[in-house]
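Here's a quick briefing to read with the model open beside you. Have the viewer ready to jump between chains and ligands.

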Amino acid sequence: MSATTLQSPATRPGTSPLVTALFRAVRGLAILLAVLAAVEGLVIVLNVKPWYVPRPTLVLNAILATPEPYVQGFLRTLTETLMGFTSGAIFGVGIAIVFFRARVLRELIFPVFVVSQTIPVIAFGALVVLWFGNTLIAKAAISFYLTFFPVTVNALLGLESVDPRQEALMRSFGASRFQILTRLQLPAALPQIFVALRLASALSLVGAIVGEWFGDTVGLGVLLLQGMYNENVVAIWAAIAMCALLGTGFYAVVAAAERALVFWGAEQ
Amino acid sequence: ADPVPATLRLKWLPQAQFAGFYVAVAKGYYKAEGIDLTINPGGPNILAENLVATGADTFGLSGGLDSVFAARDKGLPVVCVGISHQLTPFVFVVRADGPIKTIQDFKGKKVTTWFTGANHVLKAMLTKNGVDPALVDIQPQQVSVTPFVDGQVDVITATRYNEYYTIKTRMGEEKLRTFVAEDSGITFPRDTLIVSETTAKEKPELVKAFLRASIKGWKDAFSDPKGAVDTIMKAAPTLDRAHQEFQLAEVQKLMTAGKVKEDGLFWIDMDAVKITQQLFLDAKVISKPVDLAATFNRSFLEAIPVADRRP
Amino acid sequence: MPVSIQGSGEAALAAKAAGASDAAQILSLTGVTKTFGATRALDGFTATIDKGEFVTVVGPSGCGKSTLFNIVAGLEEPDPGCAMRFEGNSVIAADLLGRVSFMPQRDLLLPWRTVIDNAILALEVEGAPRKEARALAEKMLPEFGLTGFGQQYPHQLSGGMRQRVALMRTFLFKRDLMLLDEPFGALDALTRTMMQRWLLDVWQKHQRTILFITHDVDEALFLGDRVLVMSARPGKVKLEQKVDLPRPRPAEIVISPEFIRLKRTLLEAIEEEAMKSFTAEGK
Amino acid sequence: MPVSIQGSGEAALAAKAAGASDAAQILSLTGVTKTFGATRALDGFTATIDKGEFVTVVGPSGCGKSTLFNIVAGLEEPDPGCAMRFEGNSVIAADLLGRVSFMPQRDLLLPWRTVIDNAILALEVEGAPRKEARALAEKMLPEFGLTGFGQQYPHQLSGGMRQRVALMRTFLFKRDLMLLDEPFGALDALTRTMMQRWLLDVWQKHQRTILFITHDVDEALFLGDRVLVMSARPGKVKLEQKVDLPRPRPAEIVISPEFIRLKRTLLEAIEEEAMKSFTAEGK
Amino acid sequence: MSAPQSSRALQRGALGMVLLVLAWEGVARGFNLPAYTLPSVSAILGSIFDHRTTLFLAGAYTFAEAFSGYVIGAVIGIALAVVITLIPMTRNAIVPVATSINSVPVVAWSPLILLWFGIGMPSKVVMVALAVSFTVFLSALAGLDRVDRRSVDLMRSFGAGRLAILFRLRLPTALPLIAAGLRVSTVRAVIVAIVTEMLGAYDGLGWVIYQAVLQVDFVKVWSAIFIASAASLAFFGLVGLAERRLVFWK
Ligand SMILES: Nc1ncnc2c1ncn2[C@@H]1O[C@H](COP(=O)(O)OP(=O)(O)OP(=O)(O)O)[C@@H](O)[C@H]1O
Ligand SMILES: Nc1ncnc2c1ncn2[C@@H]1O[C@H](COP(=O)(O)OP(=O)(O)OP(=O)(O)O)[C@@H](O)[C@H]1O
Ligand SMILES: Cc1ncc(C[n+]2csc(CCO)c2C)c(N)n1
Ligand SMILES: [Mg+2]
Ligand SMILES: [Mg+2]
């Protein structure tokens, strides 16, 4: 069973993965269109005020009217998200390994990590600008800050739940701790790590967007903020749609990577 | 010589409220003054005072007198070198066909306002008109005007250039009645230009040059509003053009009111400043009077011929 | 050939050959005891294994055989107060890590590795180039009846096939002392016979020493130079039986009178212990 | 007693007793085939099991025995084109879920449940009150040599003990047809003998029907009314051997000439198949 | 973890915090940093004492929001994952919708949620529930999916239905992952409550922070954050403790 992946587990052998992926994409698109059409119909029929829910076509028109800020914003936010995600994932797993190895460090530092996660970044917009300036790095840093913690927690859990008998076997081969790590513990923790990575894909996007609220000129976060404070609900939804597109796309990529890498599921 | 790099931190994202600065950049007025100016937008919880005080930004278009007072009260070394909006930029809006005809009618009604200064203006207005603020149901105002449009709120606070536009487009201007702070003898000037004490002391020429170019930009914006809105729309293409045109017109009214006709754009009217300071002292937002002479510095404006400053 | 054995407990058999040269011994355990919480698994297990010897271990289920192996593989320290010598040196369990090739009772295959890659795990740990290791393993597949299954994953294998992969992994990890915990438990009669022959072959050709747990008394006698019968839990050596049958041993040896006599002795000893173990309280 | 058997393939043995009454049959399989990707595990397996019969299944490792059991337990559907009847009705595999008691080759104990709670799992699923179920299981511990281990967790048990817990779990799930996949594989000779006796007891007293996989030809003959020898993969019935030994069978029966004759027949058949299976390509 | 071990962990954790605080104090004082860059811890503690009633009430308010949202979110997250395991058909509907909703940053929903649920407590509770439910949902689903297929098969052979398999097999298997999700969510619950308060509220720590930022009172901002951190840490610790009770077999 391709456990831990979120898509239907009945897809491994037989059909080619490309065909399955294509089929999934087409089906997803069809469902999306159907839902949008239904919303459009409902909004018209029920005469919903546009500032509660605007018609999807209005939103689409808004994007098509001035596509380039949306395209630019998408690319910019994507870049920030990727930077934050990658650094957060690497750091998250790395620090989990350190904590896993050095219990003392873990007990000393882990609470500090927890505390660090309780600081609302948006209270410190000025500090972020002070430290990182109006740079890509600033956004990536916030994105990183939101990403690494769940990765650490899950990776640690995964590393700790390795079958002790399997570890014993490796030790009987004279395996070094590094070898046990790379050949047993990391692969065994991979399913758990991927749960966190899927979560992190969303969080890193949040980080990038919040980062853009600190005086940036390009990005989906900027568009969102413009819409929010001008109470331009169509613009809000347009920005939301772009975020959803970016977020689900990124999530799908992470999930696909998971399917490719964690093919063995829960078999023992 | 190479232009000196400098930044202007806005209080918010690009919009017609800041058109003059964008026009001045677009037309090269800062370049001509030897300044390579970057405009950095603001955002929620981005405090221009903070960034200017620490030197991260050279200039700031800050929240207003409220935040300048607060900053000085907390010891941030910022100096106000100009005031943009000479009048209180927000009004209190009610339904024209509703029961509220006067400020006295606020009693027992649900009033929402921003707890960022507007609340003090409201309280002062109520007190001036003989209403005990405790008898009014004053609540914080969220971003949306929908609760007012839907009738859940009796009185709403609106900036003349933003929320008012939104309410008006949804309900129609004829359905609205507004209450203005100035009618109760209260003024709350906002959108101040600030620099750090260091800049004020060490680079007075830079400040003067910045003011000169900015004023030029604003005058252009007022004389060619279409072109100014074009410039803004280029910086923020998703904005609503009609709204921005309205905004520029409103901002022009706010910036050219009061003594500006004689003393020019960005003039610092010390009388209005004192009224506002008293408002904050009464509300205990600041602990003690600030050193007005150190906080407000008109010398940079005064270095520019007054004829050039007049709108 | 066996040199020194010391069983303790009521049925101990102290057959101390005085001339025992330490150099001939690969492993000697004295008074090995292991307690898990309230359960005492081993109690004063004492035995000596010579270089090149093939020693089989039988005993009632739950008597501590796997525990013994875990200790000798270096995975678990015995309770304090025992002595262990390996290749002439006094050692603690941890010193033995990486020095004996150990096949645990459960196959413990890694689900993300193919048959081949599971088999070469120990080689990889030793630092062998992966390509060469794979080629080596690939060549061994037929011997283990796994031809064509090299690229399969463990969950695609039958129980017996998994066991053979685990066996292969152990054999590829070449050490003087091999510990095999019921390696043929899940195999059918013939496959078992073939694997037995193969094992004897490896043992003789490569001069390895083998400690071999089994439930099958026939197997214990057929393979071993010596059979250690363990007592019911807590386990110690109840009986040490030398198997003086000539090698190579033909399949028919199982019906020879000598074989049957040995078998009877062993069965009696085991039966007594198994009965105790079966009726004992878990402690 | 066996009524109808149809082995297919080159060594098939078609012993059709014409008078077969459907009512006497509990299970009949015709042409059961199962393919995993490129691997064909079963190919036209055909057999009939009578009510109350004890049928043992032997065959080379990897020949499809466990696959067959998975199908009969209702866990896996065979490839289309085969026929299955259970208690007189035509069924698909899924219909059999919950109707046979099945002991898989791996113990699959749940690590968070104690021995007792693992044993009563099936009873719980059936909706039995937990308290009563526990009391019942508690009483059975001595029969399984697990006295005092009721409150232990699986990781505290030895391999054979785990197997006995799994066995207990299966026995507590009372169904007319029992499928046991090498239930005694990890047990020592005596424990095995005791469990065998116990199993025969249960079988006779409670009139159950048993299908029993083993690698041990002695065990297959000692227990079974009939032995099915499976061919190498893809598995089908290669030989159906009736075991006409009187019951109760004493332990000494294994040295009776009749027993030895039967054993020889079986071994020959198995050997041929095992040899094929060992040299076959994985397909 | 045994009792002495966990008390040692507690001591070490406290030591870590003390070291952090000392370093902070040292940096703030040593470099003589102004409050708007980094106030010293002692100044913050002093401010906490000065504003203790305000901060305590605000903290209680925020924690009430965070906790209610957390409970609701956890229930929703686990329930959705359970629904998917019980009715596999729903997977392809629930998962994409859940991911797209969650791909939009919580902060982006805030204007709409404020619009729909008002400026009071309900909007914060909804936002927290939204954030928590997704985290818990992903963990729970991964955990429920992770069971060994053969164990499921065994249960099926006992005639166990989906429900029985869920309660006796899937949930216990998923418990460690669910617990991890619940643990991570504690911190997020508090922070989402605060952030939403900053975007629109009239009570709670976020409101205090928002006010303080506008009043350029950074010492007060940090005071509120200290309270939030202490609450989150306690919340995290409590859930961790419950987890160790629940997942005893590890
Ligand atoms: N980790 C452990 N915790 C507690 N008790 C244990 C542990 N490991 C083993 N035991 C106990 O030690 C005893 C011996 O176990 P061991 O696995 O060594 O038996 P064995 O001789 O290998 O049995 P089998 O033939 O059934 O595999 C058993 O009673 C078992 O319950
Ligand atoms: N899920 C699966 N996917 C692919 N191949 C499988 C799967 N399950 C079984 N097989 C293959 O089917 C064949 C028969 O397997 P099965 O487990 O039924 O054998 P068995 O007779 O029980 O063997 P053993 O005696 O070793 O347990 C094997 O070749 C195995 O590789
Ligand atoms: C006095 C005042 N306070 C709050 C708002 C609401 N608001 C609209 S835009 C924005 C960002 C900062 O300007 C905020 C907070 C306002 N308009 N004026
Ligand atoms: Mg064992
Ligand atoms: Mg099998």
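This is a predicted model: local features need pLDDT of at least 70, side-chain atom pairs count only at pLDDT 80 or more; totals for chains, interfaces and linings use all residues.

Residues are numbered from 1 along each chain as its sequence is written, chains are lettered from A and ligands numbered from 1 in the order in which they are written, and side-chain values use heavy atoms, with hydrogens and water left out.

**Ligand 2**

- Residues from chains C and D surround ligand 2, so this site is shared between chains; a residue counts as near if one of its heavy atoms lies within 4 Å.
- The shell has 22 residues, and Gln156(C), Ser158(C), Gly160(C), Ser66(D) and Thr67(D) come nearest.
- At least two shell residues each come from α5 (159-172) of chain C and from β2 (39-50) and α1 (65-72) of chain D; helices (H or I, at least four residues) and strands (E, at least two) are DSSP runs, numbered from the N terminus.
- Sorted by class, that shell holds six nonpolar, 13 polar and three charged residues. Ala, Val, Leu, Ile, Met, Phe, Trp, Tyr, Cys and Pro count as nonpolar, Asp, Glu, Lys and Arg as charged, and the others, Gly among them, as polar.
- An oxygen atom of ligand 2 sits 2.5 Å from a side-chain N or O atom of Thr67(D). A polar side-chain atom of Ser61(D) is 2.7 Å from an oxygen atom of the ligand, and a backbone N or O atom of Gly62(D) is also 2.7 Å from a ligand oxygen.
- On its own ligand 2 exposes 630 Å², and the protein buries 92% of that (Shrake-Rupley areas, 1.4 Å probe; for residues, only the protein chains shown count as cover).

**Ligand 3**

- Ligand 3 lies between chains A, B and E.
- Taken alone, ligand 3 exposes 410 Å², of which the protein buries 83%.

- Ser66(C) is in helix α1 (residues 65-72) and Gln105(C) in the loop between β8 (100-103) and α2 (115-119) of chain C, so the pair ties together parts 39 residues apart in sequence.
- Ser66(C) is partly exposed at 24% relative accessible area; buried means under 20%, exposed over 50%, partly exposed in between (1.4 Å probe, protein chains only).
- Gln105(C) is partly exposed too, at 28%.

**Chain E spans**

- The unreviewed UniProt entry annotates "transmembrane region" at residues 67-87, 94-119, 125-144, 190-210 and 222-242 of chain E; positions use the numbering here, feature names are shortened, and annotations may be inferred rather than shown by experiment.
- Residues 67-87 of chain E are 95% helix and 0% strand, with end C-alpha atoms 30 Å apart.
- Residues 94-119 of chain E are 85% helix and 0% strand, with end C-alpha atoms 29 Å apart.

**Single residues**

- Thr157(B) sits in strand β8 (residues 155-159) of chain B and is buried, with a relative accessible area of 0%.
- Val18(E) is in helix α1 (residues 3-30) of chain E and is partly exposed at 44%.

Definitions and conventions:
A polar contact is a pair of N or O atoms within 3.5 Å; within protein, one must be able to donate a hydrogen and the other to accept it, and residues adjacent in sequence count only if both atoms are side-chain atoms.
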